[in-house]
Amino acid sequence: MTALIAENFVPLLFVGLFVFLLLGIPVAFGLAATGLLFGFIGIEVGLFPANMFGALPLRVFGIMSNDTLLAIPFFTLMGIILERSGMAEDLLETVGQVFGPLRGGLAIAVILVGALLAATTGVVAAAVISMGLISLPIMLRYGYNRTIATGAITASGTLAQAIPPSLVLIVLADQLGRSVGDMYAGALLPGLLLVGTYLLFIVAVAFIKPSWVPALPPEARIYRESSGASGHKSLLLLLLIAGAAGWLWSTVHDSMLKKVMERPNAAPGDEIFIMSMTVASFLALGLALMNKALRLGLLSKLAERVTFVLIPPLVLIFLVLGTIFLGVATPTEGGAMGAVGALLMALLRGRMSLKTLNQALDSTARLSCFVLFILIGSTVFSFTFNAADGHFWVESLFKSLPGGALGFLIVVNILIFVLGMFIDFFEIAFIVIPMIAPVAEKLLPELLPGVPTDAVMIWFGVIVAMNLQTSFLTPPFGFALFYLRSVAPKKDYKDRVTTKTIPAVTTAQIYKGSIAFIILQVIMVSVIIAKPELVIGGLTKTEKLDDAAVLEQLQGLGGRDERQDETPSPDGAASDPLAPAPAASEAFDPMAGLLEAVKKDGSAEKK
């Protein structure tokens with residue numbers, strides 16, 4: 001019996017975890033209980049030493065002192081304060097008025113607001129519930145197809161998982177042992193492409209089935225000028241001016257930053273994009289404030305409303321991401337700055353009270369404790385798992401799969417997709433990722449030869465984050481589906497504007513609405529796998545030097561060392577106490593040998 005347990009210890013460990021979860025024990029406690037129970041069993045059967053758990057307190061203390069995880073409560077507090085201050089309601093109303101005259105305009109507004117809420121609040125529940133309460137009744141009132149309406153709301157609410165600054169990206173970076181800033185930079189372009197994919201889908205529906213996504217009627221457009229004009233021309237002109245300023249900044253950003261920050265490498269594209277958008281946003285806000293203060297009357301009501309509602313959260317998120325991408329602030333410091341900025345925005349809008357602050361702090365503390373407890377439980381589980389050499393068992397399991405590294409990547413994504421139907425993304429990140437990360441680090445560099453391992457793992461992390469996003473949409477336990485179900489009308493009701501009876505929204509309609517957007521997300525995951533440069537394009541650029549530049553740098557180093565050797569100290573001794581004796585340097589000069597080798601290589605290449 002003892003030999004049987006020892007030979008099959010890792011499979012039995014997973015069976016034990018599955019049993020604990022089926023018993024309804026919370027995941028954090030189930031993980032810790034499985035790790036401790038099987039750790040003691042392993043000690044009894046002689047698989048582990050008796051003092052195996054002696055290092056466990058140090059592991060737990062390491063989690064509690066992890067500076068990277070401090071970004072989670074900061075970004076959570078920022079998002080909850082913005083959500084409680086009514087930002088979602090204002091954005092949905094304003095952006096809905098901008099795109100309302102177009103077919104599919106309400107769905108487009110929902111997706112754009114969902115992307116902005118993702119970048120500011122990062123909380124799926126808040127985004128889905130807010131848009132379900134505000135947008136869904138309006139869509140139903142004006143005859144939107146129910147699957148399109150519910151699908152747009154649930155899908156756009158889940159963008160919080162893929163668009164920086166995402167809590168999922170922070171957790172994945174921590175579990176993969178990589179930089180959060182690099183993870184944000186790698187996920188920026190795929191996240192924006194996913195938003196664009198959603199928008200293209202709505203535009204396609206508007207052309208193919210225009211009756212499914214009707215435009216807002218004229219009486220529903222509330223921001224009009226005294227002349228009856230909609231004000232869109234003024235808004236378009238302001239956007240063109242701000243866009244031109246952003247484009248001009250993008251042309252000089254690299255040269256200016258090289259002078260100011262004295263860095264040799266070219267600025268990555270994501271940094272240029274974020275800073276250009278920051279400049280454009282500040283200019284638009286400044287022009288609107290000047291127009292209002294001086295009563296110039298140059299902007300329409302719609303343009304002013306869009307500027308004062310949309311630009312402040314955009315400026316906040318661009319500043320947070322911009323400081324992170326520039327390397328001025330760490331993600332933790334950026335999160336703290338974002339939380340302070342959210343507090344100031346809420347105060348300036350007169351929507352911050354002591355009750356709101358207490359609720360925000362309470363929710364932040366709850367979520368942070370939830371994450372830490374799961375992380376501690378997963379650490380106890382992985383402690384026993386690693387002690388039993390479980391990573392070798394997992395590696396042998398995946399190595400036997402057909403397709404090599406690509407087969408491993410496909411199977412892992414299928415596994416995460418299926419698990420996402422049943423368990424939360426935090427649990428997947430804390431349970432599954434630590435097991436497969438060592439295997440991924442060994443196998444995946446085969447798919448991207450010449451790419452640094454850190455960049456490969458960032459690519460893998462972004463793929464996992466995109467895949468985890470589908471966990472909120474996949475039936476039967478997609479959380480976004482349940483969030484919308486909780487606020488969608490369960491019974492027929494009479495609309496207060498049209499006085500018509502609106503049929504209830506069924507659970508089947510909500511499930512059906514998610515299918516098209518799940519397919520779009522899977523397509524996006526496939527695109528990232530096929531085109532890794534979308535993620536690593538800005539992470540692997542290095543400055544290339546020719547032979548002459550290398551020789552010049554090396555000669556400069558050699559000359560500097562010689563000058564240091566020749567410079568006497570006040571007492572007449574050599575200034576460098578670690579400098580070699582003259583006899584040793586005459587017998588063998590390492591710099592001369594290195595220069596000679598570089599010259600030979602250069603001449604060989606020319607031949």
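**Cavity, pockets and helix contacts**

The structure holds one cavity of 30 Å³ or more. This is a predicted model, in which local features need pLDDT of at least 70 and side-chain atom pairs count only at pLDDT 80 or more, while totals for chains, interfaces and linings use all residues. Numbering starts from 1 along each chain as its sequence is written, and side-chain values use heavy atoms, with hydrogens and water left out.

The largest cavity has a volume of about 50 Å³. (A cavity is a set of points on a 1 Å grid over the protein atoms alone where a 1.4 Å probe fits but cannot get out; a pocket is an open set with protein on both sides within 12 Å along at least five of seven lines; lining residues have an atom within 4 Å of a point. Volume is the space filled by probe spheres set on the points, which are joined across faces, edges and corners.) Gln97, Pro101, Arg221, Tyr223, Arg224, Ser230, His232 and Leu302 line the largest cavity. Its lining has three nonpolar, three polar and two charged residues (Ala, Val, Leu, Ile, Met, Phe, Trp, Tyr, Cys and Pro count as nonpolar, Asp, Glu, Lys and Arg as charged, the others, Gly among them, as polar).

The largest pocket has a volume of about 950 Å³. Of the 39 residues that line this pocket, Leu116, Met277, Leu310, Leu314 and Phe318 lie nearest its centre. Two or more lining residues come from each of H6, helix H7 (105-120), H11, helix H12 (232-261), H13 and helix H14 (301-326) (helices are DSSP runs of H or I, at least four residues, numbered from the N terminus). The lining of the largest pocket divides into 31 nonpolar, eight polar and no charged residues.

H11 and H13, two of the elements that supply this lining, also pack against each other: H11 (residues 180-208) and H13 (residues 269-293) meet at about 65°, with their axes 9 Å apart (axes are lines fitted to C-alpha atoms, for helices over the stretch in contact, with angles from 0 to 180 degrees between N-to-C directions). The pair is therefore roughly perpendicular (65 to 115 degrees; under 35 is roughly parallel, over 145 roughly antiparallel, the rest oblique). Ala185, Leu188 and Leu192 of H11 make the contact with Asp270, Phe273 and Ile274 of H13 (heavy atoms within 4.5 Å). Five of these residues are nonpolar, none is polar and one is charged.

H6 is another supplier of the largest pocket's lining. The axes of H6 (residues 87-99) and H8 (residues 124-141) come within 10 Å and cross at roughly 40°, and the two helices are therefore oblique. In this contact, Ala88, Glu89 and Leu92 of H6 meet Ser130, Met131, Ile134 and Ser135 of H8. By class, the contact has four nonpolar, two polar and one charged residue.

The second largest pocket has a volume of about 590 Å³. It is lined by 17 residues, and Phe14, Leu17, Leu419, Ile431 and Val432 lie nearest its centre. Helices H2 (9-22), H17 (390-399), H18 (404-419) and H20 (433-443) each give at least two lining residues, with the largest share, five residues, coming from H2. The lining of the second largest pocket has 17 nonpolar, no polar and no charged residues.
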